Protein chains: 6
Amino acid sequence: MLKGPTGCGKTRFVEHMAWRLGRPLVTVSCHDDLTASDLVGRFLIRHDETVWQDGPLTRAVREGAICYLDEVVEARQDTIVVLHPLTDYRRMLPIDRTGETVEAAPGFQLVISYNPGYQRMLKDLKPSTRQRFVAIELGFPEPPAEAAIVARESGVDGGTAVALVELAGRVRSLRDRGLAEVPSTRLLVAAGRLVASGIGVREACNAAVIAPLSDDPTLLGAMRELVDAMFP
Amino acid sequence: MLKGPTGCGKTRFVEHMAWRLGRPLVTVSCHDDLTASDLVGRFLIRHDETVWQDGPLTRAVREGAICYLDEVVEARQDTIVVLHPLTDYRRMLPIDRTGETVEAAPGFQLVISYNPGYQRMLKDLKPSTRQRFVAIELGFPEPPAEAAIVARESGVDGGTAVALVELAGRVRSLRDRGLAEVPSTRLLVAAGRLVASGIGVREACNAAVIAPLSDDPTLLGAMRELVDAMFP
Amino acid sequence: MLKGPTGCGKTRFVEHMAWRLGRPLVTVSCHDDLTASDLVGRFLIRHDETVWQDGPLTRAVREGAICYLDEVVEARQDTIVVLHPLTDYRRMLPIDRTGETVEAAPGFQLVISYNPGYQRMLKDLKPSTRQRFVAIELGFPEPPAEAAIVARESGVDGGTAVALVELAGRVRSLRDRGLAEVPSTRLLVAAGRLVASGIGVREACNAAVIAPLSDDPTLLGAMRELVDAMFP
Amino acid sequence: MLKGPTGCGKTRFVEHMAWRLGRPLVTVSCHDDLTASDLVGRFLIRHDETVWQDGPLTRAVREGAICYLDEVVEARQDTIVVLHPLTDYRRMLPIDRTGETVEAAPGFQLVISYNPGYQRMLKDLKPSTRQRFVAIELGFPEPPAEAAIVARESGVDGGTAVALVELAGRVRSLRDRGLAEVPSTRLLVAAGRLVASGIGVREACNAAVIAPLSDDPTLLGAMRELVDAMFP
Amino acid sequence: MLKGPTGCGKTRFVEHMAWRLGRPLVTVSCHDDLTASDLVGRFLIRHDETVWQDGPLTRAVREGAICYLDEVVEARQDTIVVLHPLTDYRRMLPIDRTGETVEAAPGFQLVISYNPGYQRMLKDLKPSTRQRFVAIELGFPEPPAEAAIVARESGVDGGTAVALVELAGRVRSLRDRGLAEVPSTRLLVAAGRLVASGIGVREACNAAVIAPLSDDPTLLGAMRELVDAMFP
Amino acid sequence: MLKGPTGCGKTRFVEHMAWRLGRPLVTVSCHDDLTASDLVGRFLIRHDETVWQDGPLTRAVREGAICYLDEVVEARQDTIVVLHPLTDYRRMLPIDRTGETVEAAPGFQLVISYNPGYQRMLKDLKPSTRQRFVAIELGFPEPPAEAAIVARESGVDGGTAVALVELAGRVRSLRDRGLAEVPSTRLLVAAGRLVASGIGVREACNAAVIAPLSDDPTLLGAMRELVDAMFP
């Protein structure tokens with residue numbers, strides 16, 4: 001279970017681990033309307049026959065892949081519950097529709113992620129689900145590391161990268177003043193790319209770092225002042 | 001991500017950019033009942049066969065078109081979430097139903113728009129979605145430019161166009177007095193067309209600029225007084 | 001966009017205009033469960049084939065007819081949103097399911113109506129929809145005109161028609177005392193027909209004008225007193 | 001439009017009028033889940049063909065029957081709205097699914113009923129529906145008439161019938177003390193039948209008149225005291 | 001209409017009456033998702049043909065059976081409403097889907113039951129439904145009778161049966177102190193069986209009588225004290 | 001009916017009893033969207049034929065297996081209600097769709113479980129369901145037993161196992177200070193495995209015991225202090 005703010009690199013971390021472990025990776029973006037069938041599989045009608053088609057979870061279970069459920073808190077209960085027999089000593093996936101029970105191939109792993117700072121009211125993981133996972137808490141990288149990432153990913157020079165990370169730090173400190181979400185490393189890379197392509201740094205920060213965060217005029221003004229102070 | 005009030009020209013702006021960039025444009029008007037299948041595609045039964053039919057998003061991804069999702073805030077979570085792998089470094093669209101993963105053709109771009117002044121309660125873009133876009137804020141054009149647009153689009157003479165824009169300015173200032181939405185350039189063009197076709201300017205303003213904005217008798221009265229003062 | 005109370009003649013007005021303009025008229029009564037497919041069309045299975053069947057809106061768009069959406073406020077968002085590309089400079093109807101885009105034939109017009117006095121909570125037209133229409137506000141006819149209509153439509157004599165219209169005026173003034181809806185011209189015609197068929201005028205007014213308006217004993221009593229005072 | 005309490009004879013009245021007018025009668029009990037298709041008709045698959053099957057309303061429209069919609073307030077909006085073009089000067093039923101428009105045969109009549117004393121919150125007939133009907137208000141019969149009905153329908157002797165009606169009068173007066181619904185003539189007939197079949201009158205009144213009305217111990221006690229006082 | 005607490009023998013009573021009357025019995029457990037089609041029947045596709053299949057209610061109507069709808073309050077309105085024409089002088093079941101009207105065979109009877117002490121908020125039988133039934137109120141048997149039942153059904157000796165019934169009486173008196181539901185005769189039989197199979201009486205009472213009633217530690221403690229006092 | 005906190009071994013207990021009794025076990029994880037059809041069975045279309053397929057409950061009933069419904073409180077009413085005729089003296093499963101009534105084979109048993117400490121608002125078992133079961137209350141094992149389990153399941157040495165159990169005891173006592181769920185034996189086994197694979201004990205406790213329990217910074221801090229105090 002990976003906990004961390006949006007854009008801090010959860011997906012990249014899982015992809016890196018899959019590469020390090022030499023295992024295939026199956027990624028599913030969870031949402032409100034994701035059903036258990038979307039994960040496990042369904043019967044399709046093909047040329048007058050009904051054919052069973054494995055869903056992404058079932059494929060991962062059979063192949064011993066790493067299955068990554070992104071933003072799992074969004075999924076409905078029935079999606080979550082199919083994970084239970086896979087995540088205790090049983091390590092198996094019963095498929096109700098076919099009556100088959102698939103034993104997880106060696107190497108199968110289940111990774112889920114969510115953003116604890118973003119509150120979806122009345123929807124949370126049940127204790128019986130949470131207690132099936134070991135948790136790793138991720139945050140934004142330390143400033144020097146984050147600046148190195150921004151420089152490499154965006155192609156901007158080191159000084160600008162450091163300045164962008166410093167701006168991010170100041171904006172992130174607005175959290176206590178009502179900013180619902182703080183700018184991610186991803187936004188800094190986006191701003192860096194705009195700068196690298198020839199757009200002015202203030203304009204780039206406004207378009208890529210500030211404007212995506214809020215529609216509130218007061219908060220937008222406060223953040224723009226931070227940009228102006230940073231890049232006079 | 002284009003932010004701006006209704007009728008300020010967001011769709012026209014995207015069409016212009018598509019023309020400037022020489023790329024095909026795929027436009028989708030989002031709404032409450034738009035499902036991920038509507039965007040991505042679905043299986044249809046044709047002559048005893050099930051045939052996969054790409055949705056508009058998938059077509060745009062394959063062709064390297066610009067895909068424009070109008071009023072994206074209206075769409076359901078599952079629609080939004082399919083955009084995620086397309087809008088980070090992966091630039092790919094996994095199609096769960098077929099198991100295919102479509103890599104975005106060069107030139108593919110995703111543009112979304114919404115009206116931050118129009119509040120849809122309890123429905124907003126999640127931070128993890130917002131932070132995947134660079135934002136451009138649009139407003140109504142400066143009065144001289146808006147008057148030129150009104151004159152050219154409606155065929156009304158320049159003086160009337162200026163007067164219509166001035167009326168719009170006064171009505172827009174009623175926002176603080178409870179007017180939920182202010183008249184757009186589109187409404188001014190509609191009024192101009194009525195005038196150009198021979199209808200009196202006061203009648204045209206009432207029908208095209210005032211009456212569409214509200215059903216509240218007090219607000220309607222206040223706006224009609226502005227019309228009367230403007231065109232005595 | 002026609003705004004006006006129930007039974008004031010909105011549908012008749014549209015029918016008259018269609019006749020004057022010599023154009024076919026397609027009328028759709030909107031409701032809660034009207035889907036975009038009901039308007040645009042759907043695939044039907046016929047003899048082992050799937051056949052596309054145009055909905056009423058698509059037929060009107062192809063034929064250049066006037067399409068009249070009655071009580072449009074009742075419809076769901078997805079119904080409303082399909083109207084957007086038809087109601088700006090594009091004048092086209094994209095049909096997602098077939099991938100076809102139908103250009104509106106010359107003469108195609110879209111008319112919508114609603115009753116601003118009847119409040120459907122939490123359901124209103126979005127600004128981006130309202131600002132695509134020119135609005136005409138309709139009310140009940142002036143008393144002499146209304147009496148002439150009642151006389152001609154119901155076959156009642158002129159004096160009774162005048163009296164019925166006067167009764168309606170008095171009942172309509174009860175609006176401020178809690179009457180949710182006032183009697184329409186349609187109800188007066190119904191009362192006139194009962195009188196013309198031999199039923200006493202007080203009985204006719206109670207059955208056709210008073211009783212349909214409310215179930216509240218106090219309001220019913222007040223209205224019956226008005227009838228008794230009018231026709232002693 | 002028939003208004004009246006449950007069990008006062010609305011359905012019997014319509015059946016009698018159909019018999020008097022010599023017209024066929026089509027009765028539909030409305031409920032929450034009654035869709036427009038249930039009324040108008042639907043496509044069914046029969047032997048590899050899709051066949052259209054008229055619903056009860058369409059059958060009545062074609063045959064010139066009286067169509068009686070019982071407890072119409074229960075029905076959903078889409079059911080109600082299909083009645084609109086049938087209940088104004090147009091007298092026609094457009095069937096969206098087939099594109100057919102059925103003109104009402106001569107003699108077709110639409111009767112709706114509801115119980116104004118039974119409140120279904122947030123669900124009421126819209127004014128635009130109510131104002132399409134002439135209303136008849138029904139109540140319980142006068143005591144001598146009600147006693148005659150009870151005697152004839154149940155086979156009980158005249159004295160008992162009079163006593164049952166008097167008991168009903170006393171129970172009905174409890175309405176102001178919190179009794180949600182008062183005993184109908186139907187309940188008195190049920191009690192009379194029990195008596196006629198040999199059950200004691202107090203037991204019959206408790207089982208057929210009192211117990212069906214409430215589960216509230218206080219109200220049940222008060223009503224049982226009325227029975228005991230009536231039949232000591 | 002049978003009213004009574006859970007486990008007091010409503011189903012057994014109906015089965016006994018069916019046996020006494022020599023009529024077949026059709027039992028339906030009602031629930032939230034029981035549709036009218038579940039009761040009346042539906043079209044099924046069999047070997048390229050659509051075949052109508054009677055539901056349990058229709059079968060009972062045709063055969064003159066007793067149809068018993070258990071916990072009828074749980075059912076949805078559309079289920080309830082199909083009962084109306086069966087439960088007045090018409091005694092017939094119109095099947096909308098087939099257009100057939102089935103007359104009830106002689107001996108057909110409809111029995112419904114519910115538990116008035118268990119409140120399902122906002123869901124109750126409508127007056128127009130309640131007033132179609134004669135009501136019988138059932139409670140728990142008198143202590144000696146209940147002890148005899150417990151002894152015979154569980155195989156426990158008479159003294160223990162009397163003690164179990166006395167315990168039940170004390171627990172039932174906790175109702176005023178917040179116990180939502182009191183122990184039924186069924187629970188006493190279950191406890192008796194445990195005792196008869198060799199389990200200690202205190203353990204049996206805790207497992208079969210106390211623990212099923214509540215999760216509230218205070219109430220559980222109070223009830224366990226009653227057990228300890230009863231069987232020291 | 002098994003009551004107990006998450007991860008205390010309810011599923012293992014049922015599996016052990018099935019093994020002791022030599023009976024097959026059918027386990028169903030209940031959730032919000034589990035329908036009665038999912039349990040009982042459904043018609044599937046196979047090669048132009050409709051074939052009935054038993055659901056897991058029906059299979060268990062036919063084979064005389066133990067059917068275990070895990071977290072039964074999550075299931076919908078229609079799922080629950082199909083259990084009723086199976087759980088009284090009738091011991092039968094009526095299958096509405098086929099008209100078949102399956103008598104439970106000897107040895108068939110129904111076990112349900114839920115976690116009384118985890119509150120699902122407005123959703124609880126109805127009394128008429130609860131009173132069909134004998135209840136067994138399970139808790140966490142006594143410390144020495146729990147330490148033995150942790151040592152054997154995780155491969156950690158006995159001293160660490162004892163320390164992990166002591167930590168669990170301290171964290172469990174935080175329940176009164178707002179911790180919604182306490183760490184289960186399962187979490188201790190997970191921590192033990194991490195330690196056994198070479199990870200430091202503090203890091204292992206944070207990842208496997210503390211972080212899965214809460215996202216609240218204050219609670220997380222308090223729990224980490226307990227870890228630091230335990231393993232300095």
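I count a charge as sitting over a ring if NZ of Lys or CZ of Arg is within 6 Å of the ring centre and within 35 degrees of the ring normal. The model I am looking at is predicted.

**Entry 1. Arginine over tyrosine**

I looked up A:R12 with that rule in hand. Its charged end sits over the ring of B:Y89, at 4.3 Å from the ring centre. I then looked up C:R12 and found its charged end over the ring of D:Y89, 4.2 Å from the centre. For ring against ring I have nothing to list, as the structure holds zero aromatic pairs over all chains.

**Entry 2. A:R12 again**

I went back to A:R12 for its salt bridge. The partner is A:E153, and the two side chains meet at 3.0 Å, N to O. By the domain assignment of chain A, domain 1 covers 2-137 and domain 2 covers 143-230.

I took the centres over C-alpha atoms and got 33 Å between domain 1 of chain A and domain 2 of chain A. Five residues of domain 1 and six residues of domain 2 make up the contact. Between them the two domains of chain A bury about 470 Å², with 36% of it on carbon and sulfur atoms. I also noted two residue pairs in polar contact across this interface, both at pLDDT 80 or more. I sorted the domain 1 side of the contact by class and got no nonpolar, four polar and one charged residues.

**Entry 3. Chain B against chain C**

I turned next to the interface of chain B and chain C. Here 39 residues of chain B are in contact with 28 residues of chain C. I get a buried area of about 2,900 Å² between the two chains, and carbon and sulfur atoms give 48% of it. Which three residues supply more than any other three of the area that chain B buries against chain C? I find B:R186, B:P212 and B:D215, which supply 18% of that area.

**Entry 4. Polar links between B and C**

I searched the interface of chain B and chain C for salt bridges, and the rule finds four. I wrote down the pair B:R224 and C:E137, whose side chains meet in a salt bridge at 2.5 Å, N to O.

Note on methods:
Residues numbered from 1 in each chain as written. Chains lettered and ligands numbered in written order. Predicted model: local features only at pLDDT ≥ 70, side-chain atom pairs only at ≥ 80, totals over all residues. Heavy atoms only, no water. Domains from an automatic or database assignment. Contact = heavy atoms within 4.5 Å. Buried area = accessible area lost by both parts, 1.4 Å probe. Polar contact = N/O pair within 3.5 Å; in protein donor to acceptor, adjacent residues only side chain to side chain. Nonpolar A, V, L, I, M, F, W, Y, C, P; charged D, E, K, R; others polar. Phe/Tyr/Trp six-rings, centres within 6.5 Å; stacked < 30°, edge-to-face > 60°.
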